[in-house]
Amino acid sequence: MDLSANLAGTAHSAQDIRAGMGAFALECDPVLDAGADAWRATVESRFPARSWPEQRLLITAVNAHTGELVAFDRSSCVDIVDAVTASCSLPGGVASREINGERFIDGGAHSAENVHLASGYRHVVVLAPLARRPGSEGHATMFEGLRREPSWGTELFSCIEDLEAGGSSVLLLTPSPAVLEAMDGTNMNPAARAATAQAGFRQGVESARSLGQFLES
């Protein structure tokens, strides 16, 4: 969180943020590498299958060496477990993931949602469990607390405006008050996991009709 605060005050572009996070991750790797295999095994244990789906799926990560945002898919010749492990490798928490000789970190270093990747689609449904609408209160995560200027192309609400300007219809789903209450002020507390999942399920059921109407419009 201290790193996040420092970057928020000094970054002048999304590239500054990605590069800063990447450098921090590489600095921490000598200490965290001992747990890298265990972290990958944890990710793999939660997979129902080990193959990429036939439907188009993009999994984002950031190259820790260059700060470049990448989007792995089934044509990337990357194991889907490695892609997800990289995409979940929070700097300072777990080691960056090595793929084809390069190190990668959490795709959230660019954007928690990366909705720009949906450009060109007629209907776009954005599930943003960490998003806070303008003017709302809440606890920021490491990445969410970073300052993101609309002109950088990473800030959620400006990206949604860009999608709409390009002809897309966008439905944004953020946590309901009940879900936020269940989260108990943070998304990092395992003790709140079950209650949050149950509240999220109820919100999903309540949102199903409006979602169906949106997709049929």
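Trainee: In which strand does L127 lie?

Mentor: This is a predicted model, and in it L127 belongs to strand 5, which spans residues 123–127.

Trainee: Is L127 buried or exposed?

Mentor: A residue is called exposed when its relative accessible area is over 50%. L127 has a relative accessible area of 61%, and it is therefore exposed. Together with V125 and L215, L127 makes a nonpolar surface patch of about 280 Å².

Trainee: And V126, is that residue buried or exposed?

Mentor: The word buried is kept for residues under 20% relative accessible area. V126, which also lies in strand 5, has a relative accessible area of 5% and is therefore buried.

Trainee: Which residues does V126 touch, once those up to four places away in sequence are left out?

Mentor: V126 touches E113, V115, L156, V170, L171, L172 and L173. For L172, which is 46 residues apart from V126 along the chain, the C-alpha atoms of the two residues are separated by 4.8 Å.

Trainee: What does the side chain of R103 reach?

Mentor: The side chain of R103 makes a polar contact with the side chain of D33 at 3.2 Å, and it also reaches the backbone oxygen of S96 at 3.0 Å. Leaving aside residues up to four places away in sequence, the residues that R103 touches include L26, D29, V62, N63, A64 and H65, as well as R97 and E98.

Trainee: How should I read the burial pattern of a helix, and which residues of helix 3 are buried?

Mentor: An α-helix has 3.6 residues a turn, so residues three or four places apart point the same way. In helix 3, residues 36–45, the buried residues are A36, R40 and V43. Seen down the axis of helix 3, these buried residues fall within an arc of 60°, so they line one face of the helix.

Trainee: Which exposed residues are carried by the face of helix 3 turned away from its buried side?

Mentor: That face of helix 3 carries the exposed residues D37 and S45.

Trainee: What covers the buried residues of helix 3?

Mentor: The cover over the buried residues of helix 3 includes helix 2 (14–32), helix 4 (80–87) and strand 3 (97–99).

Technical notes
Residues are numbered from 1 along each chain as its sequence is written. This is a predicted model: local features need pLDDT of at least 70, side-chain atom pairs count only at pLDDT 80 or more; totals for chains, interfaces and linings use all residues. Side-chain values use heavy atoms; hydrogens and water are left out. Patches are made of residues with over 30% relative accessible area and no salt bridge: like charges are joined within 9 Å, nonpolar side chains (Val, Leu, Ile, Met, Phe, Trp, Tyr) within 5 Å. Accessible areas come from the Shrake-Rupley method with a 1.4 Å probe; for residues, only the protein chains shown count as cover. A salt bridge is a side-chain nitrogen of Lys or Arg within 4 Å of a carboxyl oxygen of Asp or Glu. Helices (H or I, at least four residues) and strands (E, at least two) are DSSP runs, numbered from the N terminus. Buried means under 20% relative accessible area, exposed over 50%, partly exposed in between (1.4 Å probe, protein chains only). A polar contact is a pair of N or O atoms within 3.5 Å; within protein, one must be able to donate a hydrogen and the other to accept it, and residues adjacent in sequence count only if both atoms are side-chain atoms. Contact means heavy atoms within 4.5 Å. The arc is that of the directions from the helix axis to the C-beta atoms.
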